[in-house]
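Q: I have a model open and would like to go through it piece by piece. Could we start with a turn and work outwards from there?

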Amino acid sequence: MTGNHKNTTITRRRALAVAGGTVAAGGLAAAGYQSAFADTTTSTAKATTTATATSSASSGTCMELMSSVTEGPYYLDGALVRKNITEGKSGVPLTLRLTVVDATDGCTPVPGAAVEIWHCDAWGYYSGYTTANPGGSAPAESEDGSTANDKTYLRGYQVANAGGVVKFETIVPGWYTPRTCHIHLKVHTGGAKEDGIYEGGKVNYTGQLFFDDEIAESIFALEPYSKHTGSYTKLADDMVYDGGGASSGLLTLKAVHKKDPSKGYKGFLTLGIDPDAENTGAGGGGGGGGTPPSGAPTGEPPTGAPSPSSSPSA
């Protein structure tokens, strides 16, 4: 990857182990995580067919290219390659199944593509930027009680299998002013995993994943989200989401238990990219996504950050 800047600032949690332990999710049972993160025999098939902007089969075309947007102000290089990115952060469990396809070549899978995601916690804080005010009224990030590393939580990569599929285990993000609920995303090709991170190659696509307003608001009524109060921005008012549905990053969401949102969700989306294109999202398109605080850190996770193998299990 390009633009790496090392940062060795000591954080208050670096020495704390993140391996093992259950997530104290403000009343969310560990069983909810197990249910949300469980594999099913049909999920991979759903991931390759759900939430695509397909035309009719008779047209012989594939799907629209995903709309590239800004990476936003909270990006950090050097995220770990791992499936579970929670590090003990509390929230409603979310399993993401994303499928990378070549929209310029009949929607063929792109095996080996590296999908990178990052998002805020239940109160609107990003790792690496924990002093940034999320707007409204929220507890300080340090009050969450988790063992999460301040520089790495809720960030990570996965490398696509032969079907172009990646899976992440995380939580539904909270919100911060002036944005709607979202997850940031980049698709890389041409690089390789090295020392627990993804190196080299290029960024083909930079985008964001979005959540249905009704689902998001039902989740924000639960602990720990409900401790962050204020005006939540809906999809129609968001500075980045353009109303394009799946091709603009709107997830298809399936509740683990329809009557109990605290049990978690499974999210599906097919990412139609051009493997020959390059789009880092730095400083371009789709709105700015907010401004980080002055003096906020950038660069690789510091020495002593948790390794991919120390990511906590659900």
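Q: Which residue takes a positive phi in the hairpin of E6 and E7?
A: Asp-195 does, with phi near 55 degrees, in a hairpin that has two residues between the strands. Helices (H or I, at least four residues) and strands (E, at least two) are DSSP runs here, numbered from the N terminus. Before going on, note that this is a predicted model, in which local features need pLDDT of at least 70 and side-chain atom pairs count only at pLDDT 80 or more, while totals for chains, interfaces and linings use all residues. Residues are numbered from 1 along each chain as its sequence is written, and side-chain values use heavy atoms, with hydrogens and water left out.

Q: Is Asp-195 buried or exposed?
A: At 75% relative accessibility Asp-195 counts as exposed, where buried means under 20% relative accessible area, exposed over 50%, and partly exposed in between (1.4 Å probe, protein chains only).

Q: What other residue has a positive phi without being glycine?
A: Leu-154, with phi near 55 degrees; its place is in the loop between strand E3 (114-118) and strand E4 (155-159). In contrast to the exposed Asp-195, Leu-154 is buried, with a relative accessible area of 0%. As background, most residues other than glycine have a negative phi, and most peptide bonds are trans.

Q: Speaking of peptide bonds, where are the cis ones?
A: A cis peptide bond joins Thr-177 and Pro-178, with omega about 10 degrees, and Pro-178 sits in the loop between strand E5 (165-171) and E6. A cis bond also joins Glu-223 and Pro-224, where omega is about 0 degrees, and Pro-224 belongs to the loop between H3 and E8.

Q: Stepping back, what is the overall make-up of the chain?
A: The secondary structure comes to three helices and nine strands, and along the sequence the pattern reads α-α-β-β-β-β-β-β-β-α-β-β. Of the 314 residues, 54% count as buried. The chain exposes about 12,400 Å², of which carbon and sulfur atoms supply 50%; accessible areas come from the Shrake-Rupley method with a 1.4 Å probe, and for residues only the protein chains shown count as cover. As for contacts (heavy atoms within 4.5 Å), residues 24 or more positions apart account for 82% of those with a separation of 6 or more.

Q: Which residues of helix H3 are buried?
A: In H3 (residues 213-220) they are Asp-213, Ile-215, Ala-216, Ile-219 and Phe-220. They cover an arc of only 165 degrees around the axis, which puts them on the same side of H3, the arc being that of the directions from the helix axis to the C-beta atoms.

Q: What do they pack against?
A: The buried residues of H3 pack against strand E8 (252-255) and strand E9 (265-273). At the start of H3, a side-chain oxygen of Asp-212 reaches to within 3.0 Å of the backbone nitrogen of Glu-214.

Q: How about the largest nonpolar core, which residues touch the most other members?
A: Of its 43 residues, Leu-98, Val-115, Leu-185, Val-187, Phe-211 and Leu-271 touch the most other members. A nonpolar core here is a set of buried Ala, Val, Leu, Ile, Met, Phe, Trp, Tyr and Cys residues joined through side-chain atoms within 4.5 Å.

Methods: Polar contact = N/O pair within 3.5 Å; in protein donor to acceptor, adjacent residues only side chain to side chain. Pairing = 2+ DSSP bridges.
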